[in-house]
Amino acid sequence: MLAKLKNITAYVLLAGLMLYWSMPVSAQIKKGITVTGKVKFQNPDIFKKYNMVWLYKGIGKGRKAVDSVKVNVDGSFSLSVKASASGLYSLDILKWQTAIFWSDADVNLFARGYDTARTKSKNSGFVRLESKSSGTNLITTALYQKYLADQEMDLLSKEMLTARNYMKKDTSWFTYLRTNGLIRQKADFETLRLKQLITANPGNPAAVYLLSMLSTDKESDFFSTELSKLIDKHPQLEEAKQLKKEFMEQNAIKNALKKGSVIPHIAYNDPFGKAIDINSFKGKYVLVDFWASWCGPCRKAIPEIKELYSKYKDSGLEVLSVSVDTDHAAWRKAMSEENMPWPQVLSPDKNKTMASFMIVGIPTLYLIDREGKIVEKYTGFSAKLKTQLEDVFSQKI
């Protein structure tokens with residue numbers, strides 16, 4: 001009887017081990033991992049409160065701070081990542097550098113930290129990571145490629161500048177660089193390298209971070225296909241779900257902002273607290289100008305917009321300025337200084353407004369037709385806007 005019980009116990013133990021081995025890697029992390037590191041240069045005394053490392057979990061808008069630790073006097077630090085499933089984590093090192101890793105194996109890293117160069121730049125150096133994790137190694141390889149690409153761009157930019165300075169003697173070098181040189185093709189080569197890394201590592205859950213590095217505008221089909229493959233392979237991968245959610249949201253916004261689409265609804269308050277509804281301008285062409293008091297190019301564009309408004313207001317042009325200021329006093333002061341003779345409104349939520357209108361820089365302007373449909377979008381004040389308005393009011397379009 002005792003021997004029989006031993007056999008049953010051994011069988012149960014073996015079955016348990018087989019079940020463990022058959023589980024996906026993301027489900028096997030029970031005790032968590034340790035992240036250790038060494039920072040070469042810490043912040044000077046004036047910024048010593050930032051001599052810390054902050055730990056974040058997740059990707060995109062789902063990224064959240066989960067822990068932090070002070071860096072020791074000798075530059076060392078240690079963090080524990082406690083999670084029942086592996087996933088994507090990132091480190092903010094002294095507010096100067098970033099490190100990304102997959103939490104299925106311990107990580108040891110070496111960072112520069114504070115930029116001691118005369119011209120300082122965040123994330124200008126490479127953070128070296130050591131780990132047995134294939135996911136962390138894949139991410140590190142992609143980031144190293146990006147680091148090298150940035151170094152190449154610095155060299156190419158210097159070559160372009162040198163060629164420009166040489167133009168008094170000969171313009172052929174500068175002309176070649178500007179039209180056929182590597183600097184024009186470099187971004188495409190970088191994308192090809194990144195895509196190759198993704199396709200060469202099928203099923204690696206950490207590839208979700210590489211996908212987040214892609215331009216979804218230019219690589220929409222590849223992105224969608226590879227992300228679907230990853231979700232099929234790892235249906236519980238939260239980072240992939242988040243990436244898909246954000247991709248779908250971005251596509252919805254892009255479709256809403258296509259030429260010929262009705263502009264998303266704007267109903268913000270003017271300086272007196274009265275809501276100005278963009279629908280009230282139907283029957284007129286409207287130039288919607290997204291700006292801010294602190295934006296130099298925005299302020300420089302205002303005289304140009306004034307000229308257009310003066311020229312075409314009697315023909316049916318209206319202007320609506322939408323400020324993304326967060327300082328109400330600064331907004332009011334700028335309005336007083338610029339004396340803009342058209343309606344002014346303030347966004348109640350800067351980030352939401354900029355996301356809803358896919359604004360990556362200001363000023364951003366939208367030209368809207370008499371039916372409230374988008375004619376054109378301009379990032380920065382553009383001479384094309386002048387031409388377009390001439391066409392509109394000469395009834396060419």
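Met 358 counts as partly exposed, at 24% relative accessibility, where buried means under 20% relative accessible area, exposed over 50% and partly exposed in between, with a 1.4 Å probe and protein chains only. This is a predicted model, in which local features need pLDDT of at least 70 and side-chain atom pairs count only at pLDDT 80 or more, while totals for chains, interfaces and linings use all residues. Residues are numbered from 1 along each chain as its sequence is written, and side-chain values use heavy atoms, with hydrogens and water left out. Helices (H or I, at least four residues) and strands (E, at least two) are DSSP runs, numbered from the N terminus.

**Backbone features in loops**

- Met 358 has a positive phi of about 50° although it is not a glycine, and its place is in the loop between helix 10 and strand 14.
- Pro 363 lies in the loop between helix 10 (350–356) and strand 14, and a cis peptide bond with an omega of about 5° joins Ile 362 and Pro 363.
- Leu 94, found in the loop between strand 5 and strand 6, has a positive phi of about 60° although it is not a glycine, and Leu 94 is buried, with a relative accessible area of 0%.

- Four strands form an open sheet in the order 3-2-5-6 with antiparallel pairing, where two strands pair if DSSP finds at least two bridges between them.
- The edge strands of this sheet, each pairing on one side only, are strand 3 (64–70) and strand 6 (97–102).
- Strand 2 (residues 52–57) and strand 5 (residues 88–93) pair in the antiparallel sense over five bridges, and the bridge partner of Trp 54 in strand 5 is Asp 92.
- Strand 5 and strand 6 pair in the antiparallel sense over six bridges, with Leu 88 standing opposite Trp 102 in strand 6.
- Five of the six residues of strand 6 are buried, so strand 6 is largely enclosed by the rest of the structure.

- Four strands form an open sheet in the order 4-1-7-8, and here the pairing is mixed.
- Its edge strands are strand 4 (76–81) and strand 8 (128–131), each of which pairs on one side only.
- Strand 7 (residues 107–113) and strand 8 pair in the antiparallel sense over four bridges, and Asn 108 has Glu 130 in strand 8 as its bridge partner.

**Packing of helix 2 and helix 4**

- Helix 2 (residues 134–165) and helix 4 (residues 182–199) pack at an angle of about 175°, with their axes 11 Å apart; axes are lines fitted to C-alpha atoms, for helices over the stretch in contact, and angles run from 0 to 180 degrees between N-to-C directions.
- Helix 2 and helix 4 are therefore roughly antiparallel to each other, given that angles under 35 degrees count as roughly parallel, over 145 as roughly antiparallel, 65 to 115 as roughly perpendicular and the rest as oblique.

**Nonpolar cores**

- The largest nonpolar core has 48 residues, and those with the most contacts inside it are Val 288, Phe 290 and Tyr 366; a nonpolar core is a set of buried Ala, Val, Leu, Ile, Met, Phe, Trp, Tyr and Cys residues joined through side-chain atoms within 4.5 Å.
- Apart from this core lies another, of 25 residues, among them Ile 59, Leu 194, Val 208 and Tyr 209.
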